[in-house]
Amino acid sequence: MPGRAPFLRTAPLAAVLLTATACGTTPEPDAAPSRTATSSASPSAESAKAAGSVGGPGTACALPVSFSLTEGWEPEAVEKPEDPDFAALVEQGPATIVCEAKSEGTPDIGFLRVWTAPKAPARATLTAFVKGDKSKALVLTDVKLGGTTAVEARYSVYSALEEEWRDGRSFAVETAKGTVVVELGGLDAEEEAVVAAYELAKSTFEVA
C-alpha cells in the first residue's frame, strides 16, 4: 500500500487521488520551530459573508450537520475509492472524508473538509484524528456550536510540500449518526480570509 500522499494537507483531494501513484511517504521533518496553536487571534466570522451552505437538503453533500460557506467556496461530495490502496488517502485516524469545500472562486487556496467517524466522544475522535497525521502541540478546547457541545483543536501540522510546520485547526461534534470532524487546510490556511471562512462554518454550524 502506498504511503499517505505528502501534499494531502494542502492540495485539493481530487488532485491527490489523481497523482497518488507518483507520491512516496511523508519524510520525517527536521527540527523546525513550531508555531503554537494559540499564536494568533482568529479573524471574526463577521468578516466572511455567507453565500451558500453545505450539509442541508439539496446541497452537494448529505451530512448529519450543516454550516454556511462564504462566497467562492464550492462543496463537493467525496466518495471512498474502491481500490484499498487509494482508499487510505481519504482516511485519517478513525475518520473518513465525505465532503470537501474548496476556495475555488477566491485568490486564496484553502479547503474545509468534513470527515465522519463511528459514534464516539468528540474529544477522543478529534484527538485520534489529529494524531493520525504528522502533528504536534495539540490543544483542545470545549466550545458550543449551534447550542451543541463540541471540541476544537489547534495544533501544528507538518507540510511535506512546503517542508515546514503550519498551524492546524479543526473541530468535532458527536451526532446520532456518528462523530463529525470539520478541518481547515490548504496552502493559504493561515490567511485571514481563509480562517474567516472556517470561523463562519463554526458560527453557523448546526446538527441535523
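Figure 1. At 0% relative accessibility, phenylalanine 129 counts as buried. The model shown here and in the following views is a predicted one. Tryptophan 115 likewise counts as buried, because its relative accessibility is 1%. The structure holds five aromatic pairs. In the pair formed by tryptophan 115 and phenylalanine 129, the ring centres are 5.1 Å apart and the planes stand at 65 degrees, so the arrangement is edge-to-face. This pair links distant parts of the chain: tryptophan 115 belongs to strand E6 (residues 111–117) and phenylalanine 129 to helix H3 (residues 122–131), 14 residues apart. A pair of aromatic rings is described by two quantities, the distance of the centres and the angle of the planes.

**Figure 2. Tyrosine 158, tryptophan 165 and the charged end of lysine 136.** The rings of tyrosine 158 and tryptophan 165 have centres 5.4 Å apart, and their planes are at 65 degrees; the pair is therefore edge-to-face. Tyrosine 158 and tryptophan 165 are both buried. Over the ring of tryptophan 165 sits the charged end of lysine 136, 4.2 Å from the ring centre.

**Figure 3. Arginine 113 over the face of phenylalanine 111.** In this view, arginine 113 lies over the face of the phenylalanine 111 ring. The distance from the ring centre is 3.7 Å.

**Figure 4. The disulfide between cysteine 61 and cysteine 99.** The disulfide count for the structure comes to one. The link joins cysteine 61 to cysteine 99, with a distance of 2.0 Å from S to S. Cysteine 61 lies in the loop between strand E1 (50–54) and strand E2 (65–70), while cysteine 99 lies in strand E5 (residues 95–102), so the pair ties together parts that are 38 residues apart in sequence. The link is right-handed, with 70 degrees about the S-S bond. Both cysteine 61 and cysteine 99 are buried.

Figure 5. In soluble globular proteins, nonpolar side chains tend to be buried together. The largest nonpolar core of this structure has 26 residues, and among them Phe67, Leu112, Val182 and Phe205 touch the most other members. At least two residues of this core come from each of E2, E5, E6, E7, strand E9 (164–175), strand E10 (178–185) and H4. The largest contribution, five residues, is that of H4. Leaving aside neighbours within four places in sequence, valine 182 is in contact with several residues, including Phe67, Leu112, Phe171, Tyr198 and Phe205. Arg113, Arg169 and Ser170 are also among the contacts of valine 182. Phe67, Phe171, Tyr198 and Phe205 form one aromatic cluster. A second, separate core has 16 residues, including Val78, Val90, Leu126 and Val157.

**Figure 6. Lysine 202 in helix H4.** Lysine 202 is found in helix H4 (residues 192–203). Its relative accessibility is 13%, and because buried means under 20%, lysine 202 counts as buried. Not counting residues up to four places away in sequence, lysine 202 touches Leu145, Glu152 and Phe171.

**Figure 7. Alanine 137 in strand E7.** Alanine 137 has its place in strand E7 (residues 135–145). The phi angle of alanine 137 is near 55 degrees, a positive value in a residue other than glycine. With a relative accessibility of 38%, alanine 137 counts as partly exposed.

**Figure 8. Lysine 134 and serine 156.** Lysine 134 is found in the loop between H3 and E7. A relative accessible area of 22% makes lysine 134 partly exposed. Lysine 134 and serine 156 are 22 residues apart in sequence, and in space they are 8.6 Å apart, C-alpha to C-alpha.

**Figure 9. The chain surrounding the close-up views.** The secondary structure of the chain comes to four helices and eleven strands. Of its 208 residues, 48% count as buried. Among contacts in the chain with a separation of 6 or more, 60% are accounted for by residues 24 or more positions apart. The accessible surface of the chain comes to about 9,600 Å², and 52% of this surface belongs to carbon and sulfur atoms.

Notes. Residues numbered from 1 in each chain as written. Predicted model: local features only at pLDDT ≥ 70, side-chain atom pairs only at ≥ 80, totals over all residues. Heavy atoms only, no water. Phe/Tyr/Trp six-rings, centres within 6.5 Å; stacked < 30°, edge-to-face > 60°. Buried < 20%, exposed > 50% of the residue type's maximum accessible area, 1.4 Å probe, protein only. Lys NZ or Arg CZ within 6 Å of the ring centre and 35° of its normal. Disulfide = S-S within 2.5 Å. Contact = heavy atoms within 4.5 Å. Core = buried A, V, L, I, M, F, W, Y, C linked by side-chain atoms within 4.5 Å. Areas by Shrake-Rupley, 256 points an atom, 1.4 Å probe, with all protein chains shown as cover.
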